[in-house]
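Work through these exercises with the model open beside you. Try each task before you read its solution.

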Amino acid sequence: MSRILSSAALGLAFCVVTEITRELCFKAAANRAQDGSNYVLDLARQPVLWLGLAFWISETIALVRVLEIAPLSVAYQITTLPYAGIPIAGALVFRERLTRGQVAGAVLIGLGVILVGASGL
């Protein structure tokens, strides 16, 4: 039983990290694409966009596998952790500024995920 729970926890951690990384890839692709009439074509030429799509696919497959062994009521709530991680990653990677409210929200989300994870996995 503990092996199943640790597999679920590792799978969920993978999902959270890949989702955050995916969003960083999409942001980097958007930043690199040139505005104009060929924006979509220019965006499609960004290798980092395709890397983000690969992360999206791998995360989806991993999440489906996790849901085979973890309760949805726990797994779903843990997969909300990127709502806290993405703004923090954006601040670290892209030097975006966070307001106090955004930081407080990220902390509250993190605490909520810890409580859910501790009670269910």
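**Exercise 1. A residue after a helix**

Is Arg95 buried or exposed? Say also where Arg95 sits and what its backbone does.

*Solution.* Keep in mind that this is a predicted model.
- Step 1: find the place. Arg95 lies in the loop between α5 and α6.
- Step 2: check the accessibility. The relative accessibility of Arg95 is 68%. Exposed means over 50%, so Arg95 counts as exposed.
- Step 3: look at the backbone. Arg95 follows α5, and its phi is positive, near 60 degrees. This is a positive value in a residue other than glycine.
- Step 4: turn to the helix before it. In α5 (residues 82-94), the buried residues are Pro82, Ala84, Gly85, Ala89 and Gly90.

**Exercise 2. The overall build**

Describe the chain as a whole: its secondary structure, its box, its surface and its charges.

*Solution.* 
- Step 1: count the elements. The chain has six helices and zero strands. Along the sequence, the pattern reads α-α-α-α-α-α.
- Step 2: take the extent. Along the principal axes, the C-alpha atoms fill a box of roughly 55 × 35 × 20 Å.
- Step 3: see how much is covered. The chain has 121 residues, and 31% of them count as buried.
- Step 4: sort the contacts. Take those with a separation of 6 or more: 73% of them join residues 24 or more positions apart.

**Exercise 3. The nonpolar cores**

Which residues make up the largest nonpolar core? Which helix gives the most to this core?

*Solution.* 
- Step 1: In soluble globular proteins, nonpolar side chains tend to be buried together.
- Step 2: list the members. The largest nonpolar core has nine residues: Ala8, Leu12, Val66, Ala70, Val74, Ala75, Ile78, Val113 and Val116.
- Step 3: pick the main supplier. α4 gives the most, with three residues.
- Step 4: look elsewhere. Another core of seven residues lies apart from this one, and includes Ala28, Ala29, Ala33 and Val48.

**Exercise 4. Around Ala29**

What does Ala29 touch, and is Ala29 buried or exposed?

*Solution.* 
- Step 1: locate the residue. Ala29 is in helix α1.
- Step 2: read the accessibility. Ala29 has 0% relative accessibility, so it counts as buried.
- Step 3: leave aside neighbours within four places in sequence. Ala29 is then in contact with Leu43, Gln46, Val48 and Leu49.
- Step 4: compare sequence and space. Ala29 and Ala44 are 15 residues apart in sequence, and their C-alpha atoms are 8.6 Å apart.
- Step 5: follow one contact back. Gln46 is in the loop between α2 (39-44) and α3. Beyond four places in sequence, Gln46 touches Ala29, Arg32 and Ala33. Its relative accessibility is 11%, so Gln46 counts as buried.

**Exercise 5. The aromatic pair**

How many aromatic pairs does the structure hold? Which parts of the chain are tied together?

*Solution.* 
- Step 1: count. There is one aromatic pair.
- Step 2: describe the geometry. Phe26 and Trp56 stand edge-to-face, 6.0 Å centre to centre, with 70 degrees between the planes.
- Step 3: trace the sequence. Phe26 lies in α1 and Trp56 in α3 (residues 47-67), so the pair ties together parts 30 residues apart in sequence.
- Step 4: check the cover. Trp56 has 42% relative accessibility and counts as partly exposed.

Definitions and conventions. Residues are numbered from 1 along each chain as its sequence is written. This is a predicted model: local features need pLDDT of at least 70, side-chain atom pairs count only at pLDDT 80 or more; totals for chains, interfaces and linings use all residues. Side-chain values use heavy atoms; hydrogens and water are left out. A nonpolar core is a set of buried Ala, Val, Leu, Ile, Met, Phe, Trp, Tyr and Cys residues joined through side-chain atoms within 4.5 Å. Buried means under 20% relative accessible area, exposed over 50%, partly exposed in between (1.4 Å probe, protein chains only). Helices (H or I, at least four residues) and strands (E, at least two) are DSSP runs, numbered from the N terminus. Contact means heavy atoms within 4.5 Å. Accessible areas come from the Shrake-Rupley method with a 1.4 Å probe; for residues, only the protein chains shown count as cover. Lys and Arg count as positive and Asp and Glu as negative; His and the chain ends are not counted. The place of a charge is taken as NZ of Lys, CZ of Arg, CG of Asp or CD of Glu. Rings of Phe, Tyr and Trp (its six-membered ring) pair if their centres lie within 6.5 Å; planes under 30 degrees apart count as stacked, over 60 as edge-to-face and the rest as tilted.
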